[in-house]
Amino acid sequence: MLTQVDRRLLKEVAELHDIPQGAYNIRKNGESESRNTTANIDIITKTDKPGIDVLVRPGTKNESVHIPVILSQSMDDLVYNTFEIGEDADVLIVAGCGIHNASDGRAAHDGIHEFFVRRGARLKYVEKHYGEGDGSGKRVMNPTTIIEVGEGAVAELEMTQIKGVDSAKRDTLVKLHKGARLVVSERLLTYLDQEAVSIVTVELLGEDSSAQIVSRSVAQNKSKQTFHLNMRGYCECKGHIQCDSIIMHEAQVSSIPEITALDEGAQLIHEAAIGRIASEQLVKLMCLGLTEKDAEETILQGFLK
């Protein structure tokens, strides 16, 4: 049964105020809490390891799958999920993990997601991470996402971590075939002594494939962020990486780009910027009546949108 804490976590990571419509699988403290399938989307429990297989029939349109994970106790949770997105399907998958840790023990979730986006299909994948709780135990999340994007298919990823995660390592690998397209939007906020590592590797394998990655982050207090952004073009293709960070207080941010062209037709661009909030922005908002703290918060919220 879902508690008030569970429902708050679901709202934060999946914008769910109640049990969703359509296909879903809610995982709570290492077990499946509830599940629903549709005529076009099946969810099957794996038999060899913890996790599920999500099967989207070819041609499926205007359907969604919600697969949030919530932890409300100290434990290490590991799950393997596989997604088969059939040819010419168009589907929204909402994942994410919320941890409420009121104990002294560690609460951790490692999610390994593997996607096969078949020819002509379109996937939008939304993943949010959130932590809370007044215990001294750590809140840890280490997601791994592996995506194979077939000929003419599209994968759009929205990855967000904006509160309460003490340690995170996000590892993303995407392979793009002929005419495939990738769009990634990453948003990250760390504070206190939190640490976050994001590794994104994109392999453009097929002609006319393209990728766009936009990463924005804010590092506050004594937190640390590290970004490894790798893009490799093996043929005539286009790729663009943009990584922008605001650094505050005693925080540390490191952006490590790598673009590799293995064909004369590969057009790859990387842009990175790390800096503080511009003083003129603060002054302008303070002249409109905001306090310095409110002005700072307004700027950060707009930056991370």
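Colleague: How many salt bridges does the count come to?

Modeller: The count comes to 13 salt bridges. Keep in mind that this is a predicted model.

Colleague: What makes K28 and D6 a salt bridge?

Modeller: A side-chain nitrogen of Lys or Arg has to lie within 4 Å of a carboxyl oxygen of Asp or Glu. For K28 and D6 the N to O distance is 2.7 Å, so the pair passes the 4 Å cut-off. K28 sits in strand β1 and D6 in helix α1, 22 residues apart.

Colleague: Why is K28 called buried?

Modeller: Buried means under 20% relative accessible area. K28 has 14% relative accessibility, so K28 counts as buried. D6 is buried too, with a relative accessible area of 0%.

Colleague: What makes R170 and E186 a salt bridge?

Modeller: Their closest N and O atoms are 3.8 Å apart, and the limit is 4 Å, so the pair counts. R170 belongs to strand β15 and E186 to strand β16, 16 residues apart. Both R170 and E186 are buried. These two are also linked with E127 in a network of salt bridges.

Colleague: And E203 with R232: which parts of the chain does that pair tie together?

Modeller: E203 is in strand β17 and R232 in strand β19, so the pair ties together parts that are 29 residues apart in sequence. The salt bridge itself has an N to O distance of 3.5 Å.

Colleague: Is R232 buried or partly exposed?

Modeller: R232 is partly exposed, with a relative accessible area of 23%. Buried would need under 20%, and exposed over 50%, so a value in between is called partly exposed. E203, at 13%, counts as buried.

Colleague: Which residues touch the most other members of the largest nonpolar core?

Modeller: Of its 49 residues, these are V65, I85, I93, L176, L182 and V202. Strand β17 gives the largest share of this core, 4 residues. There is also a second, separate core of 13 residues, including V218 and I246.

Terms used:
Residues numbered from 1 in each chain as written. Predicted model: local features only at pLDDT ≥ 70, side-chain atom pairs only at ≥ 80, totals over all residues. Heavy atoms only, no water. Core = buried A, V, L, I, M, F, W, Y, C linked by side-chain atoms within 4.5 Å. Buried < 20%, exposed > 50% of the residue type's maximum accessible area, 1.4 Å probe, protein only. Helix = DSSP H or I, 4+ residues; strand = E, 2+ residues; numbered from the N terminus.
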